[in-house]
Amino acid sequence: MRCGFCLPVCPTFKQTGIEAESPRGRISLMKAAVDGVMEPGISFEDQMNHCLGCRACEPACPADVKYGQLIEQARDAVETHTKQHRWWVRGVRKVVFKELFPSQQKMRLLGSGMHFYKKSGLQSVVRKTGVVGLFSKQLSDMEKILPDASGKGITQLLGTFIPAKGEKIATVGMFRGCLMDVMFTQTNIKTVKLLSEAGFDVVIPESQNCCGALHAHSGESDQAKMLAKNNIRAFQEAGVDFIVSNAGGCGAILVEYDHLLHDEPEWKEAAGWFAARVKDISTILVEKGRPLQFADSQTAAASTRVTYQDSCHLRNVMKGSNPSRQLLKEVGNVTFVEMKDAGSCCGSAGIYNVTQPEMANQILEDKMVNANATEARYLVTSNPGCLLQMKLGIDKHGQKGQMEAVHIADFLYDRVVKH
């Protein structure tokens with residue numbers, strides 16, 4: 001397809017106006033490499049990595065081209081044949097993708113280390129010395145908005161089963177995530193409590209692991225498949241009716257486990273079972289849950305302005321942008337203000353804001369122009385990466401002290417009437 005409907009929605013093309021920076025351009029490069037017209041060298045690899053993977057091009061495409069699948073296949077091929085990585089880059093990738101993320105125990109150790117870093121005074125010393133900035137200004141900026149990490153995940157704090165409040169509607173399995181479980185532990189806890197308030201028994205399988213999204217997006221498809229298989233086993237054994245995610249990036253790959261494992265016939269049925277049951281937290285609350293009661297819901301005057309930044313993967317892959325807005329509009333004393341281009345990428349895109357800081361920062365600066373125009377007190381989102389990126393945006397380009405970025409689960413739970 002060469003119609004170009006994807007061009008105006010592509011973040012990198014909007015920033016540069018260069019054809020190669022669009023989905024159409026990148027598909028042309030892929031085809032040229034496959035046909036032997038060009039050598040897929042460093043410039044090809046750089047262009048594939050310059051894509052955010054936001055997949056805004058897919059809803060815009062009249063032919064339903066699965067660009068997300070194409071870019072992942074291209075990156076997987078690049079990683080198989082690349083000569084660009086230095087030895088230490090390969091070493092870091094091996095530690096991160098094969099040792100750290102797959103192990104929840106190691107992730108909790110990471111959380112403990114981050115907790116110590118923030119609470120011991122070490123963070124203050126590091127900031128005064130400016131040592132982080134010696135490695136990367138982007139890392140220095142990101143360090144400023146680190147969340148309060150924890151060495152204890154949700155099962156250590158709540159257990160593996162939380163009963164429904166009132167009459168039970170269904171049993172849901174909570175996908176706790178890897179980074180979510182140690183960096184946003186309280187958000188996970190509030191997600192589970194929201195589900196309980198809405199009438200769900202909540203099961204948190206202890207044997208689940210990382211979703212595999214970062215692996216799939218970074219050319220580590222074999223590792224992503226291994227993680228997917230383990231998650232499928234864990235939730236099948238739990239016998240749940242639905243599988244709930246509170247991270248758009250995780251949910252997008254969970255709902256596509258059937259495609260991830262499409263070339264393994266023995267996993268077709270199980271992967272299809274899993275993918276069909278995945279729901280975002282807002283979607284399941286709206287579609288299946290008992291209506292939540294919010295404090296001051298009968299008050300006529302609305303005093304707090306709230307806006308919403310879409311998670312790209314929740315909007316473009318899971319098709320779940322409306323339920324979040326519906327819930328926000330139901331909260332008492334809230335005026336919901338739609339942000340211009342709320343569905344465009346914020347520049348986070350997993351680890352894109354670390355690996356491609358220049359482009360990510362350009363996108364973020366434009367995003368904050370629209371966010372500031374809402375004059376919202378709260379900027380709500382549904383993905384941890386987006387949340388950190390919007391916190392960074394407020395710190396660098398926003399109105400600190402007047403706007404706060406929050407996860408939708410935190411925003412809703414703090415305002416719901418508990419039973």
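Is Arg 325 buried or partly exposed? Hold that thought for a moment while I tell you what we have on the screen. This is a predicted model, and I'd like to walk you through a sheet, a few helices and some salt bridges.

Okay, back to Arg 325. Its relative accessibility is 9%, so Arg 325 counts as buried, since the cut-off for that is under 20%. And this arginine has a partner: the side chains of Glu 338 and Arg 325 meet in a salt bridge, 2.9 Å from N to O. Where do the two sit?

How many salt bridges does the structure hold? The count is 19. Let me pick out two others. Lys 118 forms one with Asp 148, and there the closest N and O atoms are 3.1 Å apart. That pair links distant parts of the chain, 30 residues apart: Lys 118 belongs to helix H7 (residues 104-119), and Asp 148 to the loop between helix H10 (137-143) and helix H11 (154-158). Lys 118 is at 23% relative accessibility, which means it counts as partly exposed.

Then there's Glu 287 with Lys 279, a salt bridge at 3.2 Å, N to O. Glu 287 is partly exposed, at a relative accessible area of 47%, whereas Lys 279 counts as buried at 19%. The cut-off for buried is under 20%, so 19% falls on the buried side.

Let's start from S1. S1 and strand S3, residues 200-203, run antiparallel and are joined by 2 bridges. If you want a spot to look at, find Ile 162, which stands opposite Val 202 in S3.

Next, strand S2, residues 170-174. Why do we call S2 largely enclosed by the rest of the structure? Because 5 of its 5 residues are buried. You can see that on both faces: Ala 170, Val 172 and Met 174 are buried on one side, and Thr 171 and Gly 173 are buried on the other.

S2 pairs with S3 through 4 bridges, and these two run parallel. Within that pairing, Gly 173 has Val 203 as its bridge partner in S3. S2 also pairs with S4, again in the parallel sense, over 3 bridges. Here Val 172 stands opposite Phe 242 in S4.

Now for a couple of single residues. Asn 231 lies in helix H15, residues 221-238. Its relative accessible area is 0%, so it's buried. What is Asn 231 in contact with, leaving aside neighbours within four places in sequence? The list is Phe 175, Gln 208, Asn 209, Cys 210, Cys 211, Tyr 257 and Phe 274.

Leu 70, in helix H5 (residues 67-81), is another one to click on. At 28% relative accessibility, Leu 70 counts as partly exposed. Not counting residues up to four places away in sequence, Leu 70 touches Ile 27, Met 30 and Val 65. And its C-alpha is separated by 10.0 Å from that of Pro 23, which is 47 residues apart from Leu 70 along the chain.

Last stop, helix H23, residues 357-373. This helix has 17 residues and reaches 24 Å from its first C-alpha to its last, close to the 24 Å expected at 1.5 Å a residue. Its buried residues include Met 359, Ile 363, Leu 364, Lys 367 and Met 368. Just after H23, Glu 375 takes a positive phi of about 55°.

Definitions and conventions. Residues numbered from 1 in each chain as written. Predicted model: local features only at pLDDT ≥ 70, side-chain atom pairs only at ≥ 80, totals over all residues. Heavy atoms only, no water. Expected span 1.5 Å × (residues − 1). Buried < 20%, exposed > 50% of the residue type's maximum accessible area, 1.4 Å probe, protein only. Contact = heavy atoms within 4.5 Å. Salt bridge = Lys/Arg side-chain N within 4 Å of Asp/Glu carboxyl O. Pairing = 2+ DSSP bridges.
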